Number of protein chains: 2
Amino acid sequence: MATTAESRLARLRNALDSGRLLPVKRSLAALNPAEIADLLAALPWAERKLVWDMVDPADDGEVLLHLPEGVRGNLIRDMDTAELVAAAGELDIDDLADFVEHLPETVAQQVMLALDADDRTRLESVLAFSPDSAGGLMNTDTVTVRPDVSLGVVQRYLRRRGDLPSHTDALFVVDRYGGYLGTLSLDKLLTRPEEHLVAQVMDRSREALPVTMQARDVAQRFHSSDLVSAPVVTPEDGRLVGRITIDDVVDVIRADAQHDWMSMAGLTEQEDLFAPVRPAARRRAVWLGINLVTAFAASFVVGQFEATITQIVALAVLMPVVASMGGIAGSQTLTLMIRGYALNQIGGGNTLWLLRKELLVALMNGLLWAVVVAVIAYLWFDRLSLALVVGLAMLTNQAIAALVGVFVPVTLKKLGIDPALAGSVVLTTFTDVCGFFCLLGLGTLILL
Amino acid sequence: MATTAESRLARLRNALDSGRLLPVKRSLAALNPAEIADLLAALPWAERKLVWDMVDPADDGEVLLHLPEGVRGNLIRDMDTAELVAAAGELDIDDLADFVEHLPETVAQQVMLALDADDRTRLESVLAFSPDSAGGLMNTDTVTVRPDVSLGVVQRYLRRRGDLPSHTDALFVVDRYGGYLGTLSLDKLLTRPEEHLVAQVMDRSREALPVTMQARDVAQRFHSSDLVSAPVVTPEDGRLVGRITIDDVVDVIRADAQHDWMSMAGLTEQEDLFAPVRPAARRRAVWLGINLVTAFAASFVVGQFEATITQIVALAVLMPVVASMGGIAGSQTLTLMIRGYALNQIGGGNTLWLLRKELLVALMNGLLWAVVVAVIAYLWFDRLSLALVVGLAMLTNQAIAALVGVFVPVTLKKLGIDPALAGSVVLTTFTDVCGFFCLLGLGTLILL
């Protein structure tokens, strides 16, 4: 059985702490690039550099690719051009495209020049597409066959050709102009009679993905059709230009899932837990600054009711309860909505239904907790009208939280703004401002 | 090109709204089970039932499997036993195991009885393992070969055998007692000379996964070794018992990524956006109730300073700013920590480094925003000592937020509590209570 990530990490750290570098080198040599990348990502950046220098240069490229973007950028900045060119030499075209995109312009050009002409053309064809599209995800290492040959001929061709590219579960059938016709799975190739023609056996129903397809839609297609690899074609003339494999799609799924989550806390999915202090502080300062504006907006509302608070301090005491319960309820709705968008579940006219549902949920819970809060307030301050005011403010703010929780992501989406990023700021502004306003406003009306 | 999920949804809804069921049926027939599942998940539950009844019964099983758990439970509750048995009949053993686990006990038994003896034994062997383990993820449809035969013989065997199970990228090599020896990839089978023996060509370095391995570790292994399928063995004697394929691993990755995110908002990853109102309200009530307790804790702290607030209302006005900025900073740290745990990056002694780093980040930002807040407070209330108090409270609370943001998940993890679930409640309790206490306490000391 393999050792767990944590125990490997602990062993490596012990070796580092003791200053003995030989054991570090030895334990690194036993790991594959993805495992080394995981280890590097879990080291504070000073030690990370130290360990990185000990990685076998032949693995540099693969390791860099498996690193989260934030960490990779960090390491690339400290490598010289020769090292980068060498690292790039070890990579597949699709991985190389990923890699080159993260290099400084001048270094990228030197890497390109170091390639042979064929590879350079292939690389340029992949780089021409957005990294978030099928074209950016694809590799050009397709193995193609013609429809009019027999399976026996295909097998002899493969034996002469040698190893297949990784994740090859199917060959692609093309016409003489490179037009995609269908897919010949290795399964069929191995289980159908040798004398059958490719045309008889191939699967024509497997649709190719256009190079322009969005990465998210590619992931969706892999999921819904349970694919291991898929052909990529030009949308104009259906010419086969490449192949997307499940390993790259899994990376898309991972990044996508983390993107929304991190965004809601004002972080990017590339944020490196072990980054140096100063850049980390700088990146987070922006988010805090934005939130400061919204906090002062709430504070301003409270400021309008200074006279009320002086007379009834209990209102100031209960302020946090009303506001925070609104924030909690709203963020539940918001989180569900953002996931709904991620899963393509929102749209096509179900928004109104959702609004009604979330509002009803909020009213049921609002009623329940308004009564509880009112009772506690009554027991605490012994004043029935105050209890009434708090209860009413609670109920209203819960309803507002639901409305805002649905409307904010829908509106942001329409404006082309990422609801995961901006949603939570806008939401808490509303629930804080409205919560304070309801409580202090009702208090002024009823209690003074 | 395939139509997008959203346009399919809109078309279906139009048909539903107009009450014409024939177009609905027709558009359903054009979709595969995963696509139907996505559609169902995006429909309000009343319409969902309507559409579900129109799904071809032969697809029922597959569609149910592709549905999120929350939605699936909902539909299963309304099916009768005959329908469930029929739906189960269409599934692979690993999928069937998933499915049976979600059935009421009596129905599960009837489904088991409806299977033939072989399948029942296989199903029972899978059901014996936790669904979160390799055993629970595996299928029993392995294709095995012996090491002492030639590739030509293997090929003739496959031609006689017929179609391979889906996602077969390799055959497993076993000894006469079923002990796992290595892997024969289809790639090698197709590209090496026919007269070579399996033993010469097979990959002995591909380690099998023990049935007891955690699902999360399985996903990690697939990721780090870029696998499409992997053999599963008994840990005692290394006997091959099954095979895990990438499609099931992708489901684990998806569920895992959503789990932490949803948990932080007090939701489960199964929460159905389109669930009926009453159960949704009930599930969320718990979370609101827990948060109410923490809100009252903060409120109680404020209550201790009633006398101070009566004299300096400005403190009540500035309360939300100090508390919310602490909450924001703390939740950034918490989110990074929880993701760090998900990626296996925390442990092995890097916690102290993290604490130092997060504290430094907090102090840098705390200083910056404390000055900004102090200046605004001075301009607003024209009182230098008040500005000083607010600034100090801000700085202190930012530092506390960082400490809590690191310590809370570490402690919860040690106690065996999911930090994603409990972390945010504990964190905001600290940042609210400490924020109010610092501001009002310092105010009482310095300003009165």
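How many residues does the contact take from chain A and from chain B? The contact, defined by heavy atoms within 4.5 Å, takes 127 residues from chain A and 127 residues from chain B. The model is predicted: local features need pLDDT of at least 70, side-chain atom pairs count only at pLDDT 80 or more, and totals for chains, interfaces and linings use all residues. Residues are numbered from 1 along each chain as its sequence is written, chains are lettered from A and ligands numbered from 1 in the order in which they are written, and side-chain values use heavy atoms, with hydrogens and water left out.

Chain A and chain B bury about 11,700 Å² between them. Of this area, 66% lies on carbon and sulfur atoms. Buried area here is the accessible area (1.4 Å probe) that two parts lose on being put together, summed over both. The interface of chain A and chain B holds 32 residue pairs in polar contact, with both residues at pLDDT 80 or more. A polar contact is a pair of N or O atoms within 3.5 Å; within protein, one must be able to donate a hydrogen and the other to accept it, and residues adjacent in sequence count only if both atoms are side-chain atoms. Helix 19 (residues 313-342) of chain A gives the largest share of the side of chain A that touches chain B, 20 residues. Helices (H or I, at least four residues) and strands (E, at least two) are DSSP runs, numbered from the N terminus. By class, that side of chain A has 71 nonpolar, 30 polar and 26 charged residues. Ala, Val, Leu, Ile, Met, Phe, Trp, Tyr, Cys and Pro count as nonpolar; Asp, Glu, Lys and Arg count as charged; the others, Gly among them, count as polar.

Salt bridges were then examined. The term covers a side-chain nitrogen of Lys or Arg within 4 Å of a carboxyl oxygen of Asp or Glu. The whole structure has 22 salt bridges over all chains. Six salt bridges are found across the interface of chain A and chain B. R192(A) pairs with D163(B), with the closest N and O atoms 3.1 Å apart. This pair crosses between chains, from the loop between helix 13 (186-191) and helix 14 (198-201) of chain A to the loop between helix 12 (151-161) and strand 2 (170-174) of chain B. Both partners are partly exposed, R192(A) at 24% relative accessible area and D163(B) at 42%. Buried means under 20% relative accessible area, exposed over 50%, and partly exposed in between (1.4 Å probe, protein chains only).

E358(A) forms a salt bridge with R284(B), with the closest N and O atoms 2.8 Å apart. The pair runs from helix 20 of chain A to helix 17 of chain B. E358(A) and R284(B) are buried. Within chain B, E271(B) and R283(B) meet in a salt bridge (2.8 Å, N to O). E271(B) lies in the loop between helix 16 (246-264) and helix 17 of chain B, and R283(B) in helix 17, so the pair ties together parts that are 12 residues apart in sequence. E271(B) is buried at 4% relative accessibility, whereas R283(B) is partly exposed at 41%.

Rings of Phe, Tyr and Trp (its six-membered ring) pair if their centres lie within 6.5 Å; planes under 30 degrees apart count as stacked, over 60 as edge-to-face and the rest as tilted. The rings of W380(A) and F300(B) have centres 6.5 Å apart and planes at 35°, so the pair is tilted. It crosses from helix 20 (residues 351-381) of chain A to helix 17 (residues 277-303) of chain B. W380(A) is partly exposed at 31% relative accessibility, and F300(B) is partly exposed at 48%. The rings of W380(B) and F381(B) are stacked, with centres 4.8 Å apart and planes at 20°. W380(B) is partly exposed at 30% relative accessibility, whereas F381(B) is buried at 18%. F296(A), F300(A), W380(B) and F381(B) form one aromatic cluster.

D382(A) has a phi near 55°, a positive value in a residue other than glycine. D382(A) sits in the loop between helix 20 and helix 21 (384-414) of chain A and is exposed at 60% relative accessible area.
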